[in-house]
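Subject: Structure for your review

Dear colleague,

Please find below the structure that I promised to pass on to you.

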Amino acid sequence: MNKISEIKEMLEQAGIPELPEVMARFAADEREGVKKLLVKAQKRLDAYEKEVARTENMKIYERKYSDYSYICGIDEVGRGPLAGPVVAAAVILPKDCNILYINDSKQLSEEKRETLYEEIMEKAVGVGIGIVSHERIDEINILQATYEAMRQAVSKLPVTPDLLLNDAVTIPGLEMKQVPIIKGDAKSISIAAASIVAKVTRDRMMVELDRFYPEYGFAGNKGYGAAAHIDAIKRIGPCPIHRRTFIRNFTS
């Protein structure tokens, strides 16, 4: 008879595909410690199956438009910050692509975003990234700059999409069919993937920019209007990457 510690190790080391078989081996064991381990393992299985179902539910739009060859999700990050660029990503995933735990980037930890970013970049048919500077934002306004970043992202894809799934917007100046989806980054796996790619790309840029302008805490606040960031603007003035049209209330 296996020791309880041995059974614990076997259950913890078993991958999801093997876990039911390992659990079945000890189902008749009457020891309370083993029963508790089996309950814990079952919860792990249930959580996995729940995540599979959630991810499958994020493919509704991709399946609805499955006749299209290249379905592209588009999202942006950086409309609200006081500094730095706005970044858009366009992502084409393979048909019925499986990426567990994918979600709206705002719902994920930084560590999880980084892990998912690598998986998306590995599995994607194509990824395009558009970056529009703070100067351009001041020149044409944030909405038009966002559209410009999105058009850039689409233009940089290695293949031309025939359908765009957008997070809530219709992008001017693009000829292919567009489907705007309210809160699309939580409803479409393609848009969620774009959300993560855009977020990780911009966050990495802001961490790098923090090396040049450490007084504003960009590595932590990513250019958003945190209290310490606003205080720094008031004390020492703006730096070269601040959006002048966004900080008027703090510099007048």
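This is a predicted model: local features need pLDDT of at least 70, side-chain atom pairs count only at pLDDT 80 or more; totals for chains, interfaces and linings use all residues.

Helix α3 covers residues 32-57, which makes 26 residues. From its first C-alpha to its last it reaches 37 Å, close to the 38 Å expected at 1.5 Å a residue. Its buried residues are Val34, Leu37, Leu38, Ala41, Leu45, Glu51 and Thr55.

Helix α7 runs through residues 142-155 and has 14 residues. Its reach from first C-alpha to last is 20 Å, close to the expected 20 Å. The buried residues here are Ile142, Ala145, Thr146, Tyr147, Glu148, Ala149, Met150, Ala153 and Val154. Among the elements that cover them are the strands β1 (71-77), β2 (86-92), β3 (126-132) and β4, together with helix α6 (134-140).

Salt bridges

Side chains of opposite charge can pair when their charged atoms come close. How many salt bridges does a search of the whole structure find? The search gives 19. Three of them are described here.

One joins Lys35 and Glu30, with N and O 3.3 Å apart. Lys35 is partly exposed at 33% relative accessibility, whereas Glu30 is exposed at 59%.

Another joins Lys59 and Glu56, where the closest N and O atoms are 2.9 Å apart. Lys59 is buried, with a relative accessibility of 2%, while Glu56 is partly exposed at 27%. These two residues also belong to a network of salt bridges that links Glu56, Lys59, Arg63 and Asp96. Asp96, which is found in the loop between β2 and α5, has a further feature: its phi is positive, at about 55°, although it is not a glycine.

A charged residue without a salt bridge

Asp167 lies in strand β4, which spans residues 163-167. Which side chain of opposite charge is nearest to Asp167, and how far away is it? It is Lys106, at 5.7 Å. Salt bridges are counted here within 4 Å, and Asp167, although buried, has none. Leaving aside neighbours within four places in sequence, Asp167 is in contact with Ile74, Asp75, Ile181, Lys183, Gly184, Asp185 and Ile191.

Aromatic rings

There are 2 aromatic pairs by the rule applied. Tyr65 and Tyr68 form an edge-to-face pair, with 6.1 Å from centre to centre and 65° between the planes. Tyr65 is buried at 14% relative accessibility, and Tyr68 is partly exposed at 27%. Tyr216 and Phe218, on the other hand, are stacked, with their centres 5.5 Å apart and 15° between the planes. Tyr216 is buried, with a relative accessible area of 5%, and Phe218 is buried as well, at 0%.

A charged side chain also sits over a ring elsewhere: Arg243 lies over the face of Phe246, 5.0 Å from the ring centre.

Where does Lys222 lie? Lys222 is in the loop between α9 (218-221) and α10 (227-236). Its phi is near 55°, a positive value in a residue other than glycine. Lys222 is buried, with a relative accessible area of 9%.

Yours sincerely,

A colleague

Notes
Residues are numbered from 1 along each chain as its sequence is written. Side-chain values use heavy atoms; hydrogens and water are left out. Helices (H or I, at least four residues) and strands (E, at least two) are DSSP runs, numbered from the N terminus. The expected span of a helix is 1.5 Å times one less than its number of residues. Buried means under 20% relative accessible area, exposed over 50%, partly exposed in between (1.4 Å probe, protein chains only). Rings of Phe, Tyr and Trp (its six-membered ring) pair if their centres lie within 6.5 Å; planes under 30 degrees apart count as stacked, over 60 as edge-to-face and the rest as tilted. A charge sits over a ring if NZ of Lys or CZ of Arg is within 6 Å of the ring centre and within 35 degrees of the ring normal. Lys and Arg count as positive and Asp and Glu as negative; His and the chain ends are not counted. Contact means heavy atoms within 4.5 Å.
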